[in-house]
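Thanks for coming, everyone. Please look at the sequence and the model first, and then I will walk you through them.

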Amino acid sequence: MAFIRFSFNIPMNKSHEPQWPSATWKTIETSNLFFLKQSFSRKKSIRKLIKCASVSSLTSEVKEAQEYAQDSRTFNQVWREIQGCYHWEGLLDPMNSHLRQEIIRCGEFAQACYDSFDFDPHSKYCGTCKYQPADFFDKLDMADRGYQMRRYLYATSNIDLPKFFQKSNMSSIWSQHANWMGYVAVTVDEDEIKRLGRRDILISWRGTVTYLEWIHDLKDFLHPAHFRDDPSIKIESGFFDLYTTKENTCKYCSFSAREQVLAEVNRLIQRYEGEELSITITGHSLGAALALLSAYDISEMKLNITKTGTKKIPITVFSFAGPRVGNLRFKERCDELGVKVLRIVNVHDKVPTVPGIITNEKFQYQKYIEEVISFPWSYAHVGVELALDHTHSPFLKANSDLGCAHNLEAHLHLVDGFHGRGRPFRLVTKRDIALVNKDSDFLKRDYGVPPKWRQDENKGMVRNSDGRWVLPERPRVEAHPADTAHHFEQVLKYARSGFELL
């Protein structure tokens, strides 16, 4: 047992009586330190002897240390909790150290979509990924993450979301119709599989660098999902079109984004049959909407149920700054299917407030107006919300720039410093604050980080053998694996057999 003797220097009055402070001490309890509740009086001794189990510093320092304590359990012991099996109860406030690292890890996989995407309208490769699949993680300094790229995902731009898609201004371009939308990867490193406690199938969807402009293209019209025989489950029509539309004249869009992702997940589940698996889906902004939509689809199509029907592969969405996707019935169905969704939002960001400004999950009579009145503009968020506030970070400007409030790197910075409501902001993972300004101007000037600093060296131009500066040709990326149609047909067949048993 350890002992501490606290001495207080109390001023004396002319009668040599101590001038006690008017405030009284309250009970302070921690796992390592216990202080008895004691109100001072003039008759009490100035010195107190306090017995404690262990202590390294004064009360405030001990309390602070507890707030930033690391979870002593290994990740593979708690991975199901981190994936949301108990809806993250007790892990968000205070923030669990494993969960913080997992949120940031998934956010960085989503950020990789931005960092690798060619946004340059002066490039004939605008709208593509800048890197070959085999080089993707290495080019982004993520080779140590233990994942292997399995396939790229594409969507047709021939839908009514013009401000979302990036197109080249040049006459000769890689595709008239397609945009690169993200990727599917899987853990292959044995050490990482051991750390995670399972093999993880990762799906990451791209958002948009134009941030808020695409929001104005949303029509707010709800479209029946038709992924099963229940027309009451509805999705915002723009998201539905982006996910399900294909273009037969384009080899990259000959399969819809939906068909591509379902086929690849089916292929991976078959390949690793018998192993402990998980499906983790992430995305930012519009990518967050696609993440939720694909999670619902995978679960609705029974892809995450093993052939024996005895085991369900957990599906988890880590969503950043995502809008509402569907109606209340969509939300209820996601809950019924066991899709776990953790929505990370900045309270000053406007995107999570749409669509459904008038009627949403906060409206008391939402269920009534959907079922009785069939109100066509009723939306509901899915899952658990982690609400962050950028004004709590001492590193960020207290501005009202909507683009900054929506920025993904800013969200990851806020997760790094968040410890719970009412607790001070403090960074704990040593994540570089300069990343915040990668494609924004959000950091305070005091830190000397230029805004929007990330760019390719010489915008990708290189000198050829003649000494001339040219934009090198990029090798063609395989559009779709040859067995994509086969695997998608398997998905449909398995889903139909499952529906017949219901």
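**Pockets, a cavity and a strand**

Helix 3 gives the largest share of the lining of the largest pocket, three residues. Before I go on, this is a predicted model: local features need pLDDT of at least 70, side-chain atom pairs count only at pLDDT 80 or more, and totals for chains, interfaces and linings use all residues. Residues are numbered from 1 along each chain as its sequence is written, and side-chain values use heavy atoms, with hydrogens and water left out.

Some terms. Helices (H or I, at least four residues) and strands (E, at least two) are DSSP runs, numbered from the N terminus. On a 1 Å grid over the protein atoms alone, a pocket is an open set of points with protein on both sides within 12 Å along at least five of seven lines. A cavity is a set of points where a 1.4 Å probe fits but cannot get out. Lining residues have an atom within 4 Å of a point.

Back to the largest pocket. Its volume is about 1400 Å³, where a volume is the space filled by probe spheres set on the grid points. The lining has 42 residues. Nearest the centre lie Phe 117, Asp 118, Lys 130, Asp 456 and Arg 474. Helix 3 (97-116) and strand 5 (147-156) each supply at least two lining residues. By class, the lining has 18 nonpolar, eight polar and 16 charged residues. Here Asp, Glu, Lys and Arg count as charged, Ala, Val, Leu, Ile, Met, Phe, Trp, Tyr, Cys and Pro as nonpolar, and the others, Gly among them, as polar.

Next, the second largest pocket. It holds about 450 Å³ of space. Of its 23 lining residues, Ile 269, Glu 273, Ile 305, Thr 306 and Lys 307 lie nearest the centre. Helix 7 (257-271) and helix 13 (484-501) each give two or more residues to this lining. Helix 13 gives the most, with four.

The largest cavity contains about 60 Å³. Among its lining residues are Ala 288, Leu 292, Ser 319, Val 341 and His 381. Helix 8 (286-300) and strand 12 (340-346) each supply at least two lining residues, and helix 8 has the largest share, three. The lining divides into six nonpolar, three polar and one charged residues.

On to strand 11, residues 315-320. Six of its six residues are buried, meaning under 20% relative accessible area with a 1.4 Å probe and protein chains only. Ile 315, Val 317 and Ser 319 point one way, while Thr 316, Phe 318 and Phe 320 point the other.

What are its neighbours? Strand 10 (residues 277-284) runs parallel to strand 11, joined by six bridges; two strands pair if DSSP finds at least two bridges between them. Ile 281 has Val 317 as its bridge partner. Strand 12 also runs parallel to strand 11, with five bridges. There, Phe 320 partners Ile 344. Strand 10, helix 8 and strand 11 make a right-handed β-α-β unit: with the strands pointing away from the viewer, the path from the first strand over the helix to the second runs clockwise. Strand 11, helix 9 (residues 328-337) and strand 12 make a right-handed unit too.

Technical notes:
Buried means under 20% relative accessible area, exposed over 50%, partly exposed in between (1.4 Å probe, protein chains only).
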